[in-house]
Amino acid sequence: MPGYHYGRQAFYDLLMESTFKSSKKCPNCGQWSEWDQQPTDTCEHCGALLDDETLIRTAAREADRKEDKGFDLDIIQIHPTDAWYVIFYKRIIQVLQYSFIAIMTFILWVLAFIAG
Ligand SMILES: [Zn+2]
């Protein structure tokens, strides 16, 4: 029965649409456009970013994080309640982390030395 099939398909489409899709008013041209709630989605009418605010905010946050992170690693913490194999594993990671910081510090020192 094609009618029945079509009806179910239409209902399914409607369900998918209401569940996964939403629309957003384009800040550039003012028309409603389909929006997957992604900050990178663009307007289907003019191609402008639908949510440039979120994108800018995300980019700014990313830049912030990179800036104050530098090569400061979060050294993994060993807790007294950790099992011996967890401590063993964490010790290896700590050694790698300290070696990495030592190497980075050395490279920066050499670069500063050459530049000075
Ligand atoms: Zn638009």
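## Tyr-98 and its helix

Let's start with Tyr-98, which sits in helix H3 of this predicted model. Is Tyr-98 buried or exposed? Tyr-98 counts as exposed, because 12 C-beta neighbours lie inside 10 Å and a residue with 12 or fewer falls in the exposed class.

Now zoom out to H3 itself, which covers residues 84–115. H3 has 32 residues, and the distance from its first C-alpha to its last is 46 Å. That is close to the 46 Å you'd expect at 1.5 Å a residue. H3 is also hardly covered: the number of buried residues in this helix is zero. As a bit of background, an α-helix has 3.6 residues a turn, so residues three or four places apart point the same way.

Next up is Ile-75, found in the loop between helix H2 (52–69) and H3. In sequence, Tyr-98 and Ile-75 are 23 residues apart, but in space their C-alpha atoms are 7.9 Å apart. Ile-75 and Gln-94 are 19 residues apart along the chain, with 6.3 Å from C-alpha to C-alpha.

Which residues does Ile-75 touch, leaving aside those up to four places away in sequence? The answer is Gln-94 and Gln-97. Even with those contacts, Ile-75 is exposed, because 12 other C-beta atoms lie within 10 Å and the exposed class takes in counts of 12 or fewer.

## The hairpin

Time for the strands. S1 (residues 22–25) and S2 (residues 32–35) pair in the antiparallel sense over four bridges. Together S1 and S2 make a hairpin with six residues between them. In the turn you'll find Gly-30, which has a positive phi of about 80 degrees.

Ser-22 belongs to S1, and its bridge partner in S2 is Trp-35. Ser-22 and Trp-35 are 13 residues apart in sequence, yet 5.2 Å apart in space from C-alpha to C-alpha. Not counting residues up to four places away in sequence, Ser-22 touches Trp-35 and Gln-37. Why is Ser-22 called exposed? Because 11 other C-beta atoms lie within 10 Å of its own, and 12 or fewer is the mark for exposed.

## The whole chain

Starting at the N terminus, the order is α-β-β-α-α.

How much of the chain is buried? Buried residues make up 3% of its 116 residues. As for contacts with a separation of 6 or more, 15% of them link residues 24 or more positions apart.

The mean pLDDT of the chain is 79, and 75% of its residues reach 70 or more. Where is confidence lowest, and where is it highest? The lowest spot is helix H1 (residues 2–20), with a mean of 61, while H3 comes out highest at 92. Where pLDDT is low, the predicted coordinates should not be read in detail.

Terms used: Residues numbered from 1 in each chain as written. Predicted model: local features only at pLDDT ≥ 70, side-chain atom pairs only at ≥ 80, totals over all residues. Helix = DSSP H or I, 4+ residues; strand = E, 2+ residues; numbered from the N terminus. Buried ≥ 20, exposed ≤ 12 C-beta atoms within 10 Å, placed from the backbone. Contact = placed C-beta atoms within 7 Å. pLDDT = per-residue confidence, 0-100. Expected span 1.5 Å × (residues − 1). Pairing = 2+ DSSP bridges.
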